[in-house]
Amino acid sequence: MDIVKVSLLAIAIVFAITFTKQIKPEMSVIITVAGSVVMLIYILGYFNDIVVFYNQLVVSTGVNQKYFTILLKAIGIGYLVEFASGVCRDSGNTSIADKVVFVGKLSILSLAIPVIQSIFEIISDIL
């Protein structure tokens, strides 16, 4: 099971951070970032399965692919922002983490503009 591997890796990283923090505190941030990147790279293999699933869903439903692309991008931005802000918070930079979250929200909002336009076009056609 991959979740067991990721969980064990996370526990090993936490032990390394805890041990290093006592000896050389500035190294704990580097270990946090490096460990997080390793875990992220490990789970990126699942991303291909998700994209294949979404492509099959687009073909089977006949919905315009641009909407599914926007959805995938928004999900990706959300996960990336969560990852980056978590690393910032772990290193004690809450202010930077808040800015990352804010920029992520604005990015998703700007990404959704075509969907919002389409919704208003549909509403205006109905009225």
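Which helices each supply at least two residues of the nonpolar patch? Helix H5 (94-111) and helix H6 (113-126) do; helices here are DSSP runs of H or I with at least four residues, numbered from the N terminus. Before we go further, please keep in mind that this is a predicted model, in which local features need pLDDT of at least 70, side-chain atom pairs count only at pLDDT 80 or more, and totals for chains, interfaces and linings use all residues. Residues are numbered from 1 along each chain as its sequence is written, and side-chain values use heavy atoms, with hydrogens and water left out.

## The nonpolar patch

The patch lies on the surface and is formed by Phe102, Val103, Leu106, Leu109, Ile116, Ile119, Phe120, Ile122, Ile123, Ile126 and Leu127, which together have about 1,200 Å² of accessible area. Such a patch takes residues with over 30% relative accessible area and no salt bridge, and joins nonpolar side chains (Val, Leu, Ile, Met, Phe, Trp, Tyr) within 5 Å, or like charges within 9 Å. Areas come from the Shrake-Rupley method with a 1.4 Å probe, and for residues only the protein chains shown count as cover. H6 gives the largest share of the patch, 6 residues. One member to look at is phenylalanine 120, which sits in helix H6. Phenylalanine 120 counts as exposed because its relative accessible area is 56%, where exposed means over 50%, buried means under 20%, and partly exposed lies in between.

## One salt bridge

Searching the whole structure turns up 1 salt bridge, defined as a side-chain nitrogen of Lys or Arg within 4 Å of a carboxyl oxygen of Asp or Glu. The partners are arginine 89 and aspartate 98, whose closest N and O atoms are 3.0 Å apart. Arginine 89 is partly exposed, at 38% relative accessibility, and aspartate 98 is partly exposed with a relative accessible area of 38%. Side chains of opposite charge can pair when their charged atoms come close.

The largest pocket has a volume of about 620 Å³. Of its 17 lining residues, Leu40, Ile43, Leu44, Tyr79 and Leu80 are the closest to its centre. Helix H2 (25-43), helix H3 (45-61) and helix H4 (65-90) each give two or more residues to this lining, and H4 has the largest share, 7 residues. By class, the lining has 14 nonpolar, 2 polar and 1 charged residues.

A pocket is found on a 1 Å grid over the protein atoms alone, as an open set of points with protein on both sides within 12 Å along at least five of seven lines; the probe is 1.4 Å, and lining residues have an atom within 4 Å of a point. Grid points are joined across faces, edges and corners, and the volume is the space filled by probe spheres set on the points.

The second largest pocket has a volume of about 170 Å³. Its lining includes Ala10, Ile13, Met39, Phe83, Val87 and Asp90. Helix H1 (2-23), H2 and H4 each give two or more residues to it, and the lining divides into 7 nonpolar, 4 polar and 1 charged. In these classes, Ala, Val, Leu, Ile, Met, Phe, Trp, Tyr, Cys and Pro are nonpolar, Asp, Glu, Lys and Arg are charged, and the others, Gly among them, are polar.

Valine 87 belongs to helix H4 and is buried, at 16% relative accessibility. Lysine 99, in helix H5, is partly exposed at 48%. Alanine 12, in helix H1, is partly exposed at 44%.

| Pair | Apart in sequence | Apart in space |
|---|---|---|
| Lysine 99 and valine 87 | 12 residues | 13 Å |
| Alanine 12 and methionine 39 | 27 residues | 12 Å |
| Valine 87 and alanine 97 | 10 residues | 8.0 Å |

Technical notes
Buried means under 20% relative accessible area, exposed over 50%, partly exposed in between (1.4 Å probe, protein chains only).
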